[in-house]
Amino acid sequence: DSSILETIKENKIKPKARWTFLLKDYVVWALGLASLILGSVAIAVIIYLVKNNEWDIYTELSGSMLEFVLLTMPYFWLVFLAIFIFVINYNLKHTKKGYKFSLSTIFSASIFVSILLGTLFFYAGLGQALDDVLGEKVSFYDTIINPRVMIWNNPEAGRLIGIITEKVSDREFYLSDVQNKRWLLYVNDNKAPLDAKIDCGRPVKMTGKMEADDYFVVEQIFIHDGPGRRMLKHRFE
């Protein structure tokens, strides 16, 4: 059409070089791939958190299984995953051939691949390693990233978590909790048999009864070797 040609001449419109389109495609694919990997990492951490969710003692932490699930759900990582799944879908939809695939197809494929890679990352130890690093390096770990650690920081409700700092006698120990408060523990010999769990420098969590402002009678004691362990160790190093 002559009018179109005239407009092109008047506005001095020049065709873009082919490499600019290729570069855009490569950038979009790179962002999609990065989002896929980050989403898979989130899956690995979610699996690690769910696997170590203290299912066997949920009655000590909540009134019902449903309440326990809602209380301990890894919300931070679920939001993190949702963001990157959205980015994956957005980027793939805007690639050169992305229009050929429906949104549901891209979404299902990205979820499937994320779960597959996330499971592999989990078995490679990445979920635990990332949780350890965040627990040690990020100050808001116990308030935003993994607030369920603080479920154990409720001595009034009969739960206490921290680091054993000193042995007083065979059944009395000092513990520093997550807020660096010092507690004297008495281990009830009828309900909490002593074993290798009571070591200085070891993160532990326990149930029992708060008898005074800084005195706690222990009925059950557990090694805290799951999510949040590095946060506790780091605070007392």
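**Strands, rings and a buried serine**

User: Which residue in strand 5 does Lys205 stand opposite?

Analyst: In this predicted model, Lys205 stands opposite Phe222 of strand 5.

User: And how many bridges join strand 4 to strand 5, and do they run parallel or antiparallel?

Analyst: There are 8 bridges between strand 4 (residues 203-212) and strand 5, and the two strands run antiparallel. Together they form a hairpin, with 2 residues between them.

User: How does strand 3 run against strand 5, parallel or antiparallel?

Analyst: Strand 3 and strand 5 (residues 215-223) run parallel and are joined by 4 bridges. As an example of this pairing, Val187 has Val218 in strand 5 as its bridge partner.

User: Stepping back, how many helices and strands does the protein have?

Analyst: The protein has 8 helices and 5 strands. Along the sequence, the pattern reads α-α-α-α-α-α-α-β-β-β-β-β-α.

User: What share of the residues counts as buried?

Analyst: Of the protein's 237 residues, 38% count as buried. The accessible surface is about 14000 Å², and carbon and sulfur atoms account for 62% of that area.

User: Among contacts between residues at least 6 apart in sequence, what share joins residues at least 24 apart?

Analyst: The share is 61% for the protein.

User: Let us turn to Ser114. Where is it placed?

Analyst: Ser114 is in helix 5, which covers residues 103-123.

User: Is Ser114 buried or exposed?

Analyst: Ser114 is buried, because its relative accessible area is 1%, under the 20% limit.

User: Which backbone oxygen does its side chain reach?

Analyst: The side chain of Ser114 reaches the backbone oxygen of Ser110, at 2.7 Å.

User: Which residues does Ser114 contact, leaving aside neighbours within four places in sequence?

Analyst: Those contacts of Ser114 are Leu36, Ser40, Ile43, Ile85 and Ile88.

User: Changing topic: how many aromatic pairs are in the whole structure?

Analyst: A search of the whole structure gives 9 aromatic pairs. One of them is Phe80 with Phe84, whose ring centres lie 4.7 Å apart; their planes are at 55°, so this pair is tilted.

User: Where do Phe80 and Phe84 lie?

Analyst: Both are in helix 4 (residues 75-93), 4 residues apart, which is about one turn of the helix. Phe80 is partly exposed, with a relative accessible area of 24%, whereas Phe84 is buried, with a value of 17%.

User: Which ring does the charged end of Arg182 sit over?

Analyst: The charged end of Arg182 sits over the ring of Tyr174, 3.7 Å from the ring centre.

User: Now the backbone. What is phi of Glu54?

Analyst: Glu54 has a positive phi of about 55°, although it is not a glycine. Glu54 lies in the loop between helix 2 (18-51) and helix 3 (65-72).

User: Is Glu54 buried or exposed?

Analyst: Glu54 counts as buried, because its relative accessibility is 18%, under the 20% limit.

User: And what about Asn180: what is its phi?

Analyst: Phi of Asn180 is also positive, near 65°, again in a residue other than glycine. Asn180 is placed in the loop between strand 2 (172-177) and strand 3 (182-187).

User: Is Asn180 buried or exposed?

Analyst: Asn180 is exposed, with a relative accessible area of 54%.

Notes:
Residues are numbered from 1 along each chain as its sequence is written. This is a predicted model: local features need pLDDT of at least 70, side-chain atom pairs count only at pLDDT 80 or more; totals for chains, interfaces and linings use all residues. Side-chain values use heavy atoms; hydrogens and water are left out. Buried means under 20% relative accessible area, exposed over 50%, partly exposed in between (1.4 Å probe, protein chains only). A polar contact is a pair of N or O atoms within 3.5 Å; within protein, one must be able to donate a hydrogen and the other to accept it, and residues adjacent in sequence count only if both atoms are side-chain atoms. Contact means heavy atoms within 4.5 Å. Rings of Phe, Tyr and Trp (its six-membered ring) pair if their centres lie within 6.5 Å; planes under 30 degrees apart count as stacked, over 60 as edge-to-face and the rest as tilted. A charge sits over a ring if NZ of Lys or CZ of Arg is within 6 Å of the ring centre and within 35 degrees of the ring normal. Two strands pair if DSSP finds at least two bridges between them. Accessible areas come from the Shrake-Rupley method with a 1.4 Å probe; for residues, only the protein chains shown count as cover.
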